[in-house]
Amino acid sequence: MRAKKLLLLLPAVMAAACIIAGAFALGAHRAREDITMAAQRQLQLMAPDLQSVLERFETLPFVLGQQPDLTYALAHPQEPAAIERLNATLQIIQQQAKVGALYLMDHTGLTIGASNWDQPLGFVGKNFSYRPYFRAAIQGRAGRFYGIGTSTSEAGYFIAQPVYRNGKRGAIAGVIAVKISLAEFEHTWRSSEDPIALADSSGVIFLSNRPEWRYHSLHALDDATLRELARTQQYMGQTVTPLAKHPGAFVTRPVGRLGWQLMLFPSQSRVLRAGLQWALAAGLLLASAGAIYWALHQRRRRLEERLASREALQQAAQELDSRIAERTAQLSETNRHLEQKYAKLQETEHLLRSTQNELVQAGKLAMLGQMAAGVTHELNQPLAAIRAFADNARTFLERGQSDQAANNLTHIGDASARMGAIISQLKGFARKDETIATVDLSQSVRASVFLLESEFRRHDVTLCSESCDEALLVAGDAVRIEQVLINLLRNALDAVEGAEQRQVCIALSRDGEHALVRIADTGAGIPDQVAAHLFEPFFTTKPSGKGLGLGLAISSSIVQAMNGQLTAHNQDRGGAQFELRLPLAKGAPD
């Protein structure tokens, strides 16, 4: 039965293939005719433009040959004033006529004057007697030639005319030539998708919108043509070889007086595409017809199957309803458990955040306690000064020396301001609130140095500070930044306690899009076994009672919360260096 169906199907397949092949051939033929006609119309529009440019300057050399400056310069080539006047005349005419160059040659082909006389690659002093346009003009005919300039290496179209001595025919004194650039046509042709080329009478392409075609021939050149090209140096520096791949069919149209051919190569892909489109349309029509037949056949079968499947569908719907109800109950129970876990997670997170904030505050208070001795000493000095200045002021007032008393009162005011600044810094550092704002990091560095300055003096440790010329603004909490800086400075102070040279340096700079604070000491450095655990909580190398090992862990947590980084390493010259890196706030000056 299956073999019989295949035998009935084979003729239908063969007939369909013949129809599709015929449609492809017809579509390709129609497309080939259309693109050929379109190419011919395009050439009819392009050829007159090119022809008009070639003809526009045909009479220019003849008219220039009548100029007295040219005939006089040919008669007196050794007279500088005559040559200077000739160059100026040719330059003015070249600029007005908008041609590539104008130049005058004597009867030997030597150029005695040119419009480009003042340019490095000018024609003056060059001999062009080997050029065909010179040989034709020196014999009394108009010379025409296209080639690459031996001086400028720029291609152009040359038109030459003889210049007669004293304006009389029969005595040729020299040749006047004009060079015209045709490069503008290549720029215009590049808008075309199809290749366009202009070839000389030998079949050498010298203008094209395909740069790789230039100075290649459509076919192999014979030896005589190659020798002539070499003798005239028409395409100087170029080895003319046939195109590696022939472009195929083309439409051509003659242009100019030198046997040039303007060629357009219509894309054959459009022919193939049109044939494929016709074949595809025929195939779609055949497929539609087959699909309609198949749909009618299948429709009858589907009606029979629909009745059988309706009962199965009803049974499946009942089973699906029961499964949905069961799954919904499971999801509800799972959702309830997730809500309970989420509530516990929120409660744990709140507890953790609260504990962290309390730990940070405890670290600040611990630092305040460590700084208490230095701050007490810092406050005792102005208090003692105030007491002394007050006693002196009372004595001066009793003596009637009011000026000295006023001077002492001024000193009392300065000492009070000093105490107020110290207390203000301590109050700001001890407050518990956390405010995210734009912080001037240089101000935080100065405030931290100010709070620890007396403690450094008390321990006889040199504290050097290097500021940055620009304002470095970061987003964060000023109090917590100062807490980190003070903790790092106190650790550096402890590190140099037994050192021979006791010095701590803090430097602020900009590193790309980050602000960088470096705190370096001259202590013993960080041991290798300690470096791996440096920022772990409760890890400390200090003796019992001098630290819990939380300072660096809290500082690292604060910096990470501001998207920053806190690192440490040993310096080559000895001692440790901590680096605090914070991203600059958006909108900060660059």
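**Close-up views of a predicted model**

View 1. Look at where the two come from: tyrosine 146 belongs to strand β3 (residues 143–148) and tryptophan 260 to strand β11 (residues 260–264), 114 residues apart in the chain. Ring pairs also join Tyr146 and Trp260 with Tyr157 and Phe206 in a cluster.

**View 2. Here is a tilted pair, phenylalanine 250 with phenylalanine 265.** The ring centres are 5.1 Å apart and the planes make 50°, so the pair is called tilted. Phenylalanine 250 is partly exposed, at 35% relative accessible area, whereas phenylalanine 265, at 2%, counts as buried.

**View 3. Now for the largest nonpolar core, with its 47 residues.** Leu182, Tyr235 and Leu262 touch the most other members. Helix α1 (residues 2–56) is the top contributor, giving seven residues. Leaving out residues up to four places away in sequence, tyrosine 235 touches Tyr146, Ile148, Asp200, Val204, Phe206, Tyr215, Leu229 and Val240. Another core, of 41 residues, lies apart from this one and includes Leu441 and Val517.

**View 4. Finally, peek into the second largest pocket, about 330 Å³ in volume.** Its lining has 22 residues, and Glu154, Ala155, Gly156, Lys179 and Ser181 lie nearest the centre. Strands β4 (155–164) and β5 (172–180) are among the elements giving two or more residues to this lining. Sorted by type, the lining has 10 nonpolar, eight polar and four charged residues.

How values were computed:
Residues numbered from 1 in each chain as written. Predicted model: local features only at pLDDT ≥ 70, side-chain atom pairs only at ≥ 80, totals over all residues. Heavy atoms only, no water. Core = buried A, V, L, I, M, F, W, Y, C linked by side-chain atoms within 4.5 Å. Buried < 20%, exposed > 50% of the residue type's maximum accessible area, 1.4 Å probe, protein only. Helix = DSSP H or I, 4+ residues; strand = E, 2+ residues; numbered from the N terminus. Contact = heavy atoms within 4.5 Å. 1 Å grid on protein atoms, 1.4 Å probe; cavity = no way out; pocket = protein on both sides within 12 Å on 5 of 7 lines; lining within 4 Å. Points joined across faces, edges and corners; volume = space filled by probe spheres on them. Nonpolar A, V, L, I, M, F, W, Y, C, P; charged D, E, K, R; others polar. Phe/Tyr/Trp six-rings, centres within 6.5 Å; stacked < 30°, edge-to-face > 60°.
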